[in-house]
Amino acid sequence: MSILIKNIRQLAGVRENSTLLRGKELSELPFINNAWIHIENNIIVGYGSMDSLNIKEFKNSIDATGRLVMPCWCDSHTHLVFAGSRENEFVDKIKGKTYAEIAAHGGGILNSANKLNDTTEDELFNQAWKRLEQIAKTGTGAVEIKSGYGLTVEGELKMLRVIKKLKQKSNLIIKATFLGAHAYPEAFRDNHQGYIRQIIDEMLPVIGKENLADYIDVFCEEGFFSISETEQILTAGKQYGLKPKIHANQLNNSGGVQIGVKHNAISVDHLETIAAAEIECLKNSNTIATALPTAAFFLRMNYPPVRKMIENDIAVALATDYNPGSSPSGNMPLLIALSCIQMKMTPEEAINAATINGAYAMEVQDEAGSITAGKKANLIITKPIPSLAYMPYSFGENLIDKVIINGNII
Ligand SMILES: [Zn+2]
């Protein structure tokens with residue numbers, strides 16, 4: 001289908017060529033006021049200011065008077081394939097139970113793992129599909145999804161097969177990450193090498209053979225996977241062409257950033273607890289620093305020091321960490337608002353970090369993340385609003401009118 005969107009108050013995120021944005025570059029979000037954009041089938045074919053529009057008659061046109069049009073969000077870190085929800089733990093935490101007490105009663109990641117192993121592949125697919133539909137409505141056009149709630153050979157492969165099926169059936173751009181190293185299952189609590197051998201000898205060969213993942217992830221954290229265990233798993237993943245994207249420095253200054261950078265990770269994610277050494281390390285690397293502020297919000301933790309990262313010329317991305325335990329929301333507009341309010345990012349910085357840099361953090365920058373001729377027609381059309389800054393300012397209000405994904409209005 002061919003669609004012309006015209007009289008756009010502001011077309012934001014327009015880039016002739018896209019590059020990964022570092023430091024100060026994040027503050028510039030190029031735009032055209034009073035603009036049009038033309039999509040043909042599922043591709044952006046042209047755009048410009050209204051006085052340059054020479055298409056007079058157009059069958060499918062959308063009048064966007066007073067509205068903004070921008071690229072869809074690229075959510076580069078989620079765990080949206082999971083079975084059931086964990087609101088009981090949420091209430092227990094409000095009432096004062098600690099994470100350790102909840103875990104001792106079968107809560108936490110192991111709770112999700114038990115539920116997932118009891119759920120069929122079809123049922124898991126159906127639950128995940130609903131979540132994909134829901135994030136598409138709030139403007140997400142590309143998403144990375146991790147395994148990590150199986151923690152058994154069958155469970156991990158089941159999750160990755162669900163993600164593969166989502167890739168095949170959805171209009172969203174999807175990337176898959178193998179996170180077998182999310183936690184140690186109960187049976188391997190005191191036998192770490194036993195579980196790591198399962199990852200390396202039993203999971204990875206099948207993942208490689210069936211092409212089930214694009215990336216490998218490890219929860220590198222005190223009490224979870226140590227530096228040397230992380231390194232062992234990343235090295236094994238490399239043999240199957242899986243590049244690292246890792247969980248680092250969420251709960252402790254664990255050395256995760258350094259090990260990620262050493263292994264050329266695409267991104268190191270979380271970063272709530274980093275110091276000068278981690279900033280220095282990221283500054284001199286091509287690894288993207290992905291902040292997940294909705295997780296810090298939900299867990300009442302300190303936010304990652306994003307201003308310091310930007311001052312130090314680091315490439316920052318933003319993602320939701322959508323998961324049942326620490327961020328049960330894939331709502332990108334809320335994430336943008338939180339990033340502005342709590343981490344003092346400007347609206348332009350937050351939007352860039354959640355679009356073009358998010359695209360780089362899952363290597364889909366040639367298809368998504370900006371208004372660029374030749375990229376996929378993944379667009380957000382807002383309700384009439386006075387400016388871009390109005391979006392995070394008016395937090396919690398649904399300001400998205402239409403979303404176009406792969407050329408289809410949803
Ligand atoms: Zn995560």
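Which residues are buried in helix α3 (residues 108–117)? They are I109, N111, S112, A113 and L116, where a residue counts as buried if 20 or more other C-beta atoms lie within 10 Å of its own, exposed if 12 or fewer, and partly exposed in between, with C-beta atoms placed from the backbone. The structure is a predicted model, in which local features need pLDDT of at least 70 and side-chain atom pairs count only at pLDDT 80 or more, while totals for chains, interfaces and linings use all residues. Residues are numbered from 1 along each chain as its sequence is written.

**Overall architecture**

- The protein chain contains 15 helices and 16 strands; these are DSSP runs numbered from the N terminus, with helices (H or I) of at least four residues and strands (E) of at least two.
- Its radius of gyration is 21 Å, close to the 22 Å that the globule rule gives for 410 residues, so the chain is as compact as a globular protein of that length. The radius is taken over C-alpha atoms, and the rule is 2.2 Å times the number of residues to the power 0.38.
- The C-alpha trace spans about 70 × 45 × 45 Å along its principal axes.
- Of the 410 residues in the protein chain, 52% are buried.
- Among contacts with a separation of 6 or more, 73% join residues 24 or more positions apart; two residues are in contact if their C-beta atoms, placed from the backbone, lie within 7 Å.

- Q134 is placed in helix α4. Q134 is partly exposed, as 15 other C-beta atoms lie within 10 Å.
- Q134 and T294 are 160 residues apart along the chain, and their C-alpha atoms are separated by 17 Å.

**Packing of α12 and α13**

- The axes of helix α12 (residues 332–343) and helix α13 (residues 347–354) come within 9 Å and cross at roughly 135 degrees. This makes α12 oblique to α13.
- Axes are lines fitted to C-alpha atoms, for helices over the stretch in contact, and angles run from 0 to 180 degrees between N-to-C directions. Angles under 35 degrees count as roughly parallel, over 145 as roughly antiparallel, 65 to 115 as roughly perpendicular and the rest as oblique.
- From α12, the residues M332, L335, I336, S339 and C340 meet P347, A350, I351 and A354 of α13.
- This contact has 8 nonpolar, 1 polar and no charged residues. Nonpolar covers Ala, Val, Leu, Ile, Met, Phe, Trp, Tyr, Cys and Pro, charged covers Asp, Glu, Lys and Arg, and the others, Gly among them, are polar.

**Strand β8 and L179**

- L179 lies in strand β8 (residues 173–181) and is buried, with 27 other C-beta atoms within 10 Å.
- Apart from its neighbours within four places in sequence, L179 is in contact with K146, S147, G148 and D217.
- L179 and K130 are 49 residues apart in sequence and 22 Å apart in space, C-alpha to C-alpha.

**Positive phi values**

- Most residues other than glycine have a negative phi.
- L151, which is not a glycine, has a positive phi of about 60 degrees. L151 is found in the loop between β7 (140–146) and α5, and is buried, with 29 other C-beta atoms within 10 Å.
- R300 likewise has a positive phi, near 55 degrees. R300 is in the loop between α10 (293–298) and α11 (306–311), and is exposed, with 7 other C-beta atoms within 10 Å.
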